[in-house]
Structures are given as structure tokens and as C-alpha cells.
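Keep the model open beside you.

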Amino acid sequence: MANHLTLKEKKKRREELHEKRNEEMTEETIKIYPSNWLYNAGVIGFLKVLENSGEKVEELLKDDGTVEIKRQLFERINCDEMYFSENKVSSIVGKSLLYRNYIQSGWKDGFKEFVKEMSHVEEINKCSLCGGGWLLSEDRKNRLVQTYQYMEKFFDGIERFAMRSNALLGPSEGEFPNAFWNLNSSFPVCHLCAYLMIHHHIPFESAKTQDGQIFINAPSFKMMWYLNKYASEILNKRRSYQLKQILGISFMELAQKVFTTISVWSMMNIEMVIESYNKVKKKMEIDYYSLPYNISRLLLNKNIASLISETKEDYILEIVLNGRFDSLLTLNHKVIRYIVTNSDPDKDKSLSRLKRKDNQNLKNLSQILPELYVKIDSILKER
Ligand SMILES: [Zn+2]
């Protein structure tokens, strides 16, 4: 009878098939959305570890800001290497500093099964950390507990936010020692979050500044992935960069290397989280830093970012970061005057800030500066 289907019916069948296939495809992945910075840092840390073990992480990062983690990926994770070897990425056994008593030394086999089981989590809607949530079904959980009795204790511990999720921010007995979370001292955490959380220190540890270790938080995992990668590369070159410069240069790299349309809302919600140790109070402290919106949108503009990079002068970025755009024109006059009169550049306060003062570079600069000024001006006039 199939031959007698009308065109309309055929079309409908095709659509149904297509829909079904789409459904199956999305079921193969776990789609997660950006949430608070602690959770986001956990996801980025986890992705970094995956990349180091050969996974193609960039393919998981979607333009809409989400990450789609392939379910079978959890079955490939080598727990012995990642959590129990000399080169472990996270220290989770017993009295570890950050993830205190996450598991006990005898719980390794159960934990390994738990990680594999992550490929079967089901979507729920009650996790306070990620806003949505992914849980193992009661069946699967019970089966784990039957095989490894201690897993009952394990689940009891991870299903709420506490010291074991984060010794820095998690509440200790009966108190809530931090002002960062506008939430109850003990709130429900889903199984996937409980697992991702033990990677949150990873991006922080690879970006150490003189003010503390940092994580760049944004409303998109794709943006966070690249911004934090650039920040850590910048800091590997020079530890002494200021927070402002680190954010600024990371923005310019993102604009030039990753083509991505960034909404106003996203731009306004990029912030740096700084973890530092207060020696007087003897405890870790959290601070936040962000660039003014106007400066952010300039540096996240591809044209402007390329022009600033072309100058190869830190001083030009400094002028833009400080919002002193007229100084670009003043500097340009001085550059031209210097080329013509050949006077001593070091006698001038702003000229002396340039690293390279040979004629070729100055001529180059005198072409870029007016163009840069005009582009900045036109962007700032856009609403
Ligand atoms: Zn969650």
C-alpha cells in the first residue's frame, strides 16, 4: 500500500521518522546549561580532563552556550588514572584538602561503577546547583547499593551540598560559613553535579595570578572554555599580568580566534572569580572582578581586537582598558610629530611608554591609531 500514499502522507511519514531520529539522537547526549560559577568551573574542569585524555571537547561545546556530553563517554573514563594514580586530577579519598571525605579508601570500586552509571542518568528538576538535574534511577541506585553496601553512605553524602562537595564553600556542621550562596545551608544536589563538582578546582589551578587563582565565568560554556584557556596561556607567559589585562587580552583572543556572536546580556555577565588565601583570617576568600560593559564590548569586537593586537604595544591596550580613547588621538599626533622632527621620544611621557620606537613601527602605529579611534567611536555610538 505504501506506493499509494499521497505526497502529503509521504511527507508526514518522513517528518515523523525524522522526529523520531532526532529524539533518539538527543537521548544519546546529556545537555547541560550554564549555572552558577562553582558548577560552571566544575564542568570546565571536567572538560579539561576529558581533553587531556583525548576526547574532542570542542565538538561538545554548542553555540547556544550549552554542552552536550555523550553518554558513552562516562564508560570510557579511566578512574584509576584520574582519581587514584600518582598523576590524579582530583584528590577525593579520605582527608583530602578540597573534597574532604568524598569517598573512603575502601570505596573505590563502588565509585568507579558510579562514574560508569553516569551514562544512564535521567533528567529531573530539583537540583539547587545546576538548576535542573540528573539522577540515577532508584533501580540503578539500589543495584549499586546492593553490590557495594557502603554506597548507601556515599549517596547520603553526595546528595546534599556539604564539605565533601567543596571544603572551601560547603557548610560545616550546623553553620553556613559563606555569603556566596543565597541558599539553605544544605540543599539537594543531583548525582551528575556531585560528580562534576570534584573538578571545579582544575581551571582555578591553571590560572594563578598575583591576586589569587582565577576562573572566568560567563553565560556560555563555549565562551568559558576559550576565555579560561586564553587566560591560562597568558599567565603561563607572564605571571605579573593584572586582572584587568588578563580579562582584556582573553576577550581579544576570543574575538579574533573563535567566531561567536555574543549577546549584550552575555557581555554584561562575564566576570572573573578570584580565590585567594587571607593570611590574617587564615581562610580562603572569594572576590569578583569584571570590566565595564563599554570596554567589554569593544574588546569583544573582532575589528577592534585585531587593530589593538596589530600595534603589538601593551600601552594601546592599557589606554582602551582605561577608557581614555581621546589619548589615542593625542598619542597619534605625538607619533607623527616625532617621525617628522626626529626628537627624543623618551622625553615625552606617552611616547616613552611605547616598546618599539623605530620609524617603521611608528609609521605603522600612525596608520592604526586613527582607524582604531574611529571604530571605537562608531561602536560606542551604537545602542
Ligand atoms: Zn545538578
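**Reading helix packing**

A: The axes of helix 10 and helix 11 cross at roughly 125 degrees and come within 9 Å. This is a predicted model: local features need pLDDT of at least 70, side-chain atom pairs count only at pLDDT 80 or more, and totals for chains, interfaces and linings use all residues. Residues are numbered from 1 along each chain as its sequence is written.

Q: How are two packed helices described?
A: By the angle between their axes and the distance between the axes. Axes are lines fitted to C-alpha atoms, for helices over the stretch in contact, and angles run from 0 to 180 degrees between N-to-C directions. Helices (H or I, at least four residues) and strands (E, at least two) are DSSP runs, numbered from the N terminus.

Q: What orientation do helix 10 and helix 11 have?
A: Angles under 35 degrees count as roughly parallel, over 145 as roughly antiparallel, 65 to 115 as roughly perpendicular and the rest as oblique. Helix 10 and helix 11 are therefore oblique to each other.

Q: Which residues of helix 10 and helix 11 meet?
A: Two residues are in contact if their C-beta atoms, placed from the backbone, lie within 7 Å. On helix 10 they include Met223, Tyr226 and Tyr230. On helix 11 they include Ile246, Ile249 and Glu253. The contact of helix 10 with helix 11 divides into 10 nonpolar, 1 polar and 1 charged residues. Here Ala, Val, Leu, Ile, Met, Phe, Trp, Tyr, Cys and Pro count as nonpolar, Asp, Glu, Lys and Arg as charged, and the others, Gly among them, as polar.

Q: At what angle do helix 2 and helix 10 pack?
A: Helix 2 (residues 37-52) and helix 10 (residues 221-237) pack at about 65 degrees, with axes 10 Å apart. Helix 2 and helix 10 are therefore roughly perpendicular to each other. Asn40, Val43, Ile44 and Leu47 of helix 2 touch Phe221, Met224, Trp225 and Asn228 of helix 10. That contact has 6 nonpolar, 2 polar and no charged residues.

Q: Which residues of helix 5 are buried?
A: A residue is buried if 20 or more other C-beta atoms lie within 10 Å of its own, exposed if 12 or fewer, and partly exposed in between. In helix 5 (residues 108-117), Gly110, Phe111 and Phe114 are buried. Down the helix 5 axis they fall within an arc of 100 degrees (directions from the axis to the C-beta atoms), so they line one face of the helix. They pack against helix 4, helix 6 and helix 7.

Q: How many helices and strands are there?
A: The protein has 17 helices and 8 strands.
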